[in-house]
Amino acid sequence: MNLRTIVWLLTALLVTAGLGCLLPSAAQAQKRGGTLIYMVPSSDAPSLDAHQEETFAVVHATAPFYSLLLHVDPRSKGGKETIGDLATGWKVSADGKTYTFALRTNALFHDGSPVMAGDVVASLNHIIAPPEGVISPRRGFFELVESVSAQDDHTVEIKLRFASSAFIPALAMPFNYIYKADLLAKDPQWYKKNVMGSGPFKFVSYTPGDKMVGVRNEKYYVPGLPYLDGFEAIYSPKETVQLQALRGGRAHANFRGFPPQARDDLVRAMGDGIVAQESDWNCYMLAIPNLSKKPFSDKRVRQALNLAFDRYQGSEFLSKIAIVRNTGGILFPGHELAPSQAQLETLPGFSRDIAASRKQARALLREAGVPEGFKAVFTTRNTDQPYKYVGTWMIDQWRQIGLDFRQEVLPTGGWYDKLRSNPPVFDVINDVTCQSVLNPTLDVAKYISADKSDNNWARYIDRKMDELFEAQMREPNLEKQRALLWQMQQRLSDEQWMIGAMWYNRIVLHSSKMKWWEVTPSHYLNMQLAEVWLDQ
């Protein structure tokens with residue numbers, strides 16, 4: 001018997017005896033060390049408080065510092081599996097209305113204090129029922145929650161007003177950072193300018209408009225993680241700069257996305273040195289007219305703005321140069337709850353006959369007394385992809401019905417200030433509804449009344465939309481739920497408080513040295529980076 005045969009037999013015996021853990025495994029191939037450098041394609045972040053913000057510019061820079069109660073499994077393809085983060089497990093009552101979560105007992109905040117049930121309760125209530133002066137863009141996602149309470153130091157109970165399969169995905173949203181209760185009690189705005197979490201990395205420094213730096217949390221509650229020594233998140237709104245950094249080896253990734261042409265050029269230049277991952281993207285570009293300002297307070301004018309869009313030709317053209325692709329309504333295209341293409345084409349602005357649509361748009365403008373060549377300002381964010389590209393397209397579409405818009409480009413902070421202004425100080429501004437865990441039942445919360453949804457920047461109140469939203473959440477029958485969501489779409493299409501344009505397409509480019517990261521339909525997911533490692 002030769003040596004190779006002896007080794008093979010011994011290996012087989014070890015595995016059969018349950019001692020396979022002594023053998024090399026895929027996990028043992030992972031390497032510790034190195035600093036991950038990635039680009040955040042934004043000029044800055046409006047604040048550091050993920051509870052109050054809705055932009056990747058915050059999550060990409062700060063998610064590695066924080067834990068969640070639940071999160072999407074970073075190893076799952078498509079971001080479909082929800083697992084515990086601080087929670088070790090949960091139980092659901094027979095009626096589906098009470099959830100009990102058991103928490104880890106070894107989790108520590110970065111100041112050394114233990115993470116307790118009271119911290120989870122305070123953090124969730126900061127989102128669900130924010131104190132005065134605190135914005136909560138995802139508050140509408142938790143309309144179904146009745147109460148959140150601590151049963152003991154490591155047990156949290158959440159009671160719902162009604163059972164819904166949408167609840168667990170909502171709880172796993174990556175913006176739901178667990179903050180320290182004492183800090184929130186002293187100052188509900190503390191986290192806007194400061195960092196204190198229990199995640200895989202500890203805060204080192206932040207230079208607004210430049211970069212965020214973190215180092216490995218040696219006391220992280222998952223043994224052996226993270227693999228990296230640290231990370232640097234570099235703010236850079238220019239696509240050309242991001243591509244040059246990847247091509248020159250000065251950055252390992254941009255986790256948001258690039259257009260197809262950029263992918264093709266970089267793959268051609270770098271070969272197997274670059275990896276491209278692609279996915280549909282749960283992001284929808286909108287235009288928000290100022291409902292309190294003439295002529296946009298007139299529904300006919302808003303309808304004309306919508307009818308001007310040739311969404312099909314625009315999608316074909318823009319998908320080559322920008323990170324957008326699919327036409328669609330308020331529901332994620334292709335989802336089982338989304339309308340069919342035939343249904344969609346019955347909506348104003350989705351007809352294939354663009355000439356007829358624009359003729360109707362001009363007639364509506366005349367009825368409303370808007371003169372040919374009417375001048376207005378369209379405000380956009382100074383992020384190339386896709387804000388400036390789609391913004392330029394929108395202005396060109398409106399020019400073809402006789403409107404003369406000038407584009408105002410603002411840095412992220414200034415754009416958010418204007419978007420959130422109350423009363424509004426813009427004419428028309430672009431906006432996005434980007435969600436994380438694919439959950440159409442709750443993704444449409446943006447379109448309910450402004451006193452229930454803190455990211456309804458059109459600021460309208462419409463109780464019919466609120467009724468439809470709650471009815472579809474309560475409806476267990478899929479066909480009936482789809483019909484209720486279609487009614488929401490029809491109502492929005494008639495009023496045009498928000499004018500939808502097109503859905504995004506996600507192409508992530510990263511160095512082949514960066515391992516164990518999966519693309520998802522959301523640029524907010526998989527940003528804790530605990531399991532990412534560098535092969536260098």
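User: How is the expected span of a helix defined, and what span is expected for helix 3?

Analyst: The expected span of a helix is 1.5 Å times one less than its number of residues. In this predicted model, helix 3 covers residues 117-128 and has twelve residues. From its first C-alpha to its last, helix 3 reaches 16 Å, which is close to the expected value of 16 Å.

User: Is helix 3 mostly covered or mostly uncovered, and which elements do its buried residues pack against?

Analyst: Helix 3 is mostly covered, with nine of its twelve residues buried. Among the buried residues are Val-120, Val-121, Leu-124 and Ile-127. The buried residues of helix 3 pack against strand 5 (98-103), strand 6 (145-152), strand 7 (155-160), helix 4 (167-171) and helix 5 (181-186).

User: How many residues apart in sequence are the parts tied together by the pair Cys-283 and Cys-434?

Analyst: A search of the whole structure finds one disulfide, and it joins Cys-283 to Cys-434 with an S to S distance of 1.8 Å. Both Cys-283 and Cys-434 are buried. Because Cys-283 lies in strand 12 (residues 274-289) and Cys-434 in strand 15 (residues 428-434), the pair ties together parts whose separation in sequence is 151 residues.

User: What is the handedness of the link between Cys-283 and Cys-434?

Analyst: The angle about the S-S bond is 125 degrees. The link of Cys-283 and Cys-434 is right-handed.

Methods. Residues are numbered from 1 along each chain as its sequence is written. This is a predicted model: local features need pLDDT of at least 70, side-chain atom pairs count only at pLDDT 80 or more; totals for chains, interfaces and linings use all residues. Side-chain values use heavy atoms; hydrogens and water are left out. Helices (H or I, at least four residues) and strands (E, at least two) are DSSP runs, numbered from the N terminus. Buried means under 20% relative accessible area, exposed over 50%, partly exposed in between (1.4 Å probe, protein chains only). Contact means heavy atoms within 4.5 Å. A disulfide is a pair of cysteine sulfur atoms within 2.5 Å.
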